[in-house]
Amino acid sequence: MRVEAVELRVVELPLRFPFETSFGREEVKRAVLVCAQAEGLEGWGEAPVMAAPLYNEETVETAWHVLRDFLVPAVLGAPVAHPREVRERLRFVRRHHMAKAGLEAAVWDLFAQRAGRSLRDLLGGVRERVEVGVSLGIEPTVPELVRRVEAFVRRGYRRVKVKIRPGWDVDVVREIRHQFPDLPLQVDANSAYALEDAPVFETLDEFGLLLIEQPLGEDDLVDHAKLQARLRTAVCLDESIVHPHDARKAIELGSCRVVNIKPARLGGLAAALDTHDVCASHGIPVWCGGMLETGIGRLANLALASLPNFRLPGDLSASDRYFEEDLIEPPVVLEPDGTVRVPAEAGIAPRVRRDRVDRVTVRREWIRA
Ligand code: NPQ
Ligand code: MG
């Protein structure tokens, strides 16, 4: 397939509720959308970058620059016979994984449409529906967070994840566990702690959590292994796993017992598939993390999450968890049984509402061969 042109867009969507993590508070969701044109088709992908380099080193500006000046020209240069080739074609650029992931996803979408097959089938998915959880941010008070937990559990979410940071951790989890003794519950520290804080996690070890996500530094596997050895609860890595071989090393070192897979963090769907396979070969379960993607990234994540080793509920909440109006129609909705249907359409583009994309576009530029 020869990609003839690519349109880059920066989009900004207001969040229904502010989302606070240990690295900052967001009220607007930003992303760089990639629309790739080939053979009369349009393929869509999302680079879920933020305005500031707080989750990783990328931003809207770095993604725009690297896509426009390096990644898109490399794909426009020559045809690709399979979407997996995009990763090889882009390997000359170091890192910039979210930028790469947005472009690669657009090419996967083109191939799915041309083949008349769902992205799930193209990726090797095996499920029609996937269990999903909800990720809750840091709130001003514990009662306010508990009220949100209550509301989302009543909505049917089967798993709750709460953000923690020093000073907002043990008391929060104790109160939630007290009010919801049987609720599947996990925490995400986004690297806010150091190994010296191990006693905090030894206390959290008492609350029967599903996992403790990314407690320590994003560049660390050694201290995570030391921490994991002291805990019964599984450590799950997110930011530390940016390549499939990071997953192999983490597993060999005993740094984690669960892996959060995000195509955006890994550089694309091909790398996400390889990470899934590496974990499966070591008996390590994975789940699909989220970056508050719009429906464009969310549909691709749902297709990925239908693979067999995705054995824990993902951060794949319904569209209305974050947005008044999503960029896709129909939006992602939560089924009464706490699952979400895996998209069965041939590709993502058929659900993209370009009128809504236009309304939230704050910058756009065509790049042609
Ligand atoms: C995580 N996602 O698992 C990330 C954190 C994250 C669902 O917790 C805008 C606002 C973009 C908040 C990207 C979840 C974000 C964001 C990622 C939070 O670590
Ligand atoms: Mg995380």
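Residues are numbered from 1 along each chain as its sequence is written, and chains are lettered from A and ligands numbered from 1 in the order in which they are written. Because the model is predicted, local features need pLDDT of at least 70 and side-chain atom pairs count only at pLDDT 80 or more, whereas totals for chains, interfaces and linings use all residues; side-chain values use heavy atoms, with hydrogens and water left out.

The magnesium ion (ligand 2) is coordinated at 2.1 to 2.3 Å by Asp188 (OD), Glu213 (OE) and Asp238 (OD), where donors are N, O and S atoms within 2.8 Å of the metal (3.2 Å for Na, K and Ca) and where, water not being among the atoms, sites may look incomplete. Along the chain these donors follow the spacing D-x24-E-x24-D. Asp188 lies in strand 7 (residues 185-188) and Glu213 in strand 8 (residues 212-213), so the pair ties together parts that are 25 residues apart in sequence; helices (H or I, at least four residues) and strands (E, at least two) are DSSP runs, numbered from the N terminus. Asp188, at 1% relative accessibility, counts as buried, and Glu213 is buried with a relative accessible area of 0%, the term buried meaning under 20% relative accessible area, exposed over 50% and partly exposed in between (1.4 Å probe, protein chains only).

Ser191 is placed in the loop between strand 7 and helix 7. Although Ser191 and Gly217 are 26 residues apart in sequence, their C-alpha atoms are 4.7 Å apart in space. Not counting residues up to four places away in sequence, Ser191 touches Gln214, Pro215, Leu216, Gly217 and Glu218, contact meaning heavy atoms within 4.5 Å.

In helix 8 (residues 222-229), the buried residues are His224, Ala225, Leu227 and Gln228. Seen down the axis of helix 8, these buried residues fall within an arc of 165°, so they line one face of the helix, the arc being that of the directions from the helix axis to the C-beta atoms. The buried residues of helix 8 pack against helix 7 (198-204), strand 9 (235-237) and helix 9 (244-253).

His97 is found in helix 3 and, at 7% relative accessibility, counts as buried. Leaving aside neighbours within four places in sequence, His97 is in contact with Glu58, Val242, His243, Ala264, Arg265, Leu266 and Gly267. Elsewhere in helix 3, Glu104, Ala105 and Trp108 meet Leu269, Ala270 and Leu273 in helix 11.
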